[in-house]
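Load the model in your viewer and keep the sequence panel open. The stops below cover a set of charged side chains and then a sheet.

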Amino acid sequence: MSAQIIVNEVLANEPGSITSLEWIELYNFGEAVSLDGYELHSDDDIITFPSDVTLGQGEYFIICRRLFATAASQGFESFWGDSSGVWGDTEYESASQTPLEASFSLTNESGSVSLWHNFSEVSSLSWSRSGGDGVSWERVFPLSDSTGQSVHPTGSTPGLLNSLTPAGHDLAIADIHVTPHDGGSIVTFTIANMGLNEVSGAQLCVTDTNGVDTIDVIPVETLKPEDTFDLTGEYLFDRIYTPLAAALSPDDRDRNNSRAFVAVGGDYPPIVLSEFLPNPQVNIYYEWVEIYNHSNETVDMSGWQIGDSVSVHGLCDDCLGIGPGEYVVLVESEEYFRLYNPDFDGTCVEPSSWASLNNEGDIVRLVDSYGVEADRFQYTTAFENNFTWSRMIEGADTGGWGRSLAAGGTPGAPNEVVINAVGSSVKVELSSSYISPDGDGFEDVVDITIEGPEAEYYTARIYDRQGRLVKWLCVKERYLPPPIQWDGLSDAGQRLPIGMYIIYVEAAGVGAVKKPIVVAR
């Protein structure tokens, strides 16, 4: 094979506008060859090579504007090496020749670098736009003119296989998804074959972040090029978070073989959804969501997000700590929230973006700083008249969701919740078997408490002894209504005659209950 030297990679848009960090990379995919007689051309700059520089087969060679850092600026070795001021004292540095320091300048917006030998151009790499800051232009294949921006996490691959070039054997951890489950985590590892060849016999090893204690070893099935496969592991820990690392067997491109992640344990989640108003109406106008810290420690909410079924958005730009037992109300508009709640003295945060909740049903999601979904609640409809969806934080129904007892809810305070009972029957309790609405302050009203399971809707009404409807107490309430008071008046606001009346409560699709009550004087 004859010598085949190419301009393989160029960093024209240097990181942080530090022009001393510009560099050019050559690659030889042919026989070893001396660079004596070769020239690099960039605009009006011409770079020649010392006669003793030889580039072996499969070797890379870097030409940089400054090799070592000075008091005024950084150099290639200080940025891509170990900043020791010596080249070759680390495994990475010793794997390639000492870069050549040369005088040249590259333009960000458009330009080209060409390699010449014996007055003939043998290779060139061009760009027609300004790339990302600190992101290089890479050649995809040695014999192809196709180029693109590096996709390496650091922005470039000096002295390494280009990130755009497929490797022969290249398995990658494409994604890690953590799902809280029964006091631990179910972790799904998505493995992708990014290389040119089929890969078999690989393993995924899960360890602590120091790589000392092995948590799990999972075999990877044979994968053909472009195939993906999900591996699953279940891990139990006591703590809220446990940092772990996952690594695949070594291959031709190790940079995508390992990833750090965080598993969650028995104390997770420390923060939960507590209450939210998805259907604000007159006087409120804007939505809000309340979160609650039910852990025993203060939780830094930096990086946490709130949202709906479609998107999530950051809670706040600055650090926010929530102490044990504290509430924080996330509001679409702090101004309107405080106007409606003038006595509110808790913590109120207005995120810079807000995912509007649907009245016809949606999912409220709380996501932590590691991307793990800490909590979610799916509802099928929003309440009318500014009633909120509220969660039972303590008591027999802890964790259960229902409607707030009062319109406007209880932002920043313990929830008062009306929860549909389990079971298959409807119960009606009266505070008294008679009512004497004469204005003397005694038995002027009757409290009607309804208990029952989820139903299509609830209705409650009052009939006289002739079966005539005299009063609607509630009309097709989607959820179990709160305690109702009746003052002995008809729908027209008139005092009803003394006598026997029937309170009729129906839970559509479940059942109905009749309760007698006497109107006296």
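Is Glu373 buried, partly exposed or exposed? Select Glu373: the residue is partly exposed, with a relative accessible area of 24%. The classes are buried for under 20% relative accessible area, exposed for over 50%, and partly exposed in between, using a 1.4 Å probe and protein chains only.

Before going on, note that this is a predicted model, in which local features need pLDDT of at least 70 and side-chain atom pairs count only at pLDDT 80 or more, while totals for chains, interfaces and linings use all residues. Residues are numbered from 1 along each chain as its sequence is written, and side-chain values use heavy atoms, with hydrogens and water left out.

**Stop 1: around Glu373**

Arg376 is partly exposed, at 42% relative accessible area.

Arg365 is buried, with a relative accessible area of 16%. With these residues shown together, you have a salt-bridge network linking Arg365, Glu373 and Arg376. The count of salt bridges comes to ten.

**Stop 2: Arg403 and Glu477**

Select Arg403 and Glu477, whose side chains meet in a salt bridge at 4.0 Å, N to O. This pair connects distant parts of the chain: Arg403 lies in strand β31 (residues 401–404) and Glu477 in strand β37 (residues 469–477), 74 residues apart. Strands here are DSSP runs (E, at least two residues), numbered from the N terminus. Arg403 is buried, at 3% relative accessible area, whereas Glu477 is partly exposed, at 30%.

**Stop 3: an open sheet**

Switch to a cartoon view and select β16, β15, β18 and β19. In that order, these four strands form an open sheet with antiparallel pairing; two strands pair if DSSP finds at least two bridges between them. β16 (214–219) and β19 (258–264) are at the edges and have a single partner strand each, so one side of each has no neighbour in the sheet. On average, neighbouring strands of this sheet are turned by 25 degrees against each other, direction ignored; the axes are lines fitted to C-alpha atoms.

Finish on β15 (residues 203–208), which pairs with β16 in the antiparallel sense over five bridges. Select Gln203 and look across to β16, where its bridge partner is Pro219.

Key: Axes are lines fitted to C-alpha atoms, for helices over the stretch in contact, and angles run from 0 to 180 degrees between N-to-C directions.
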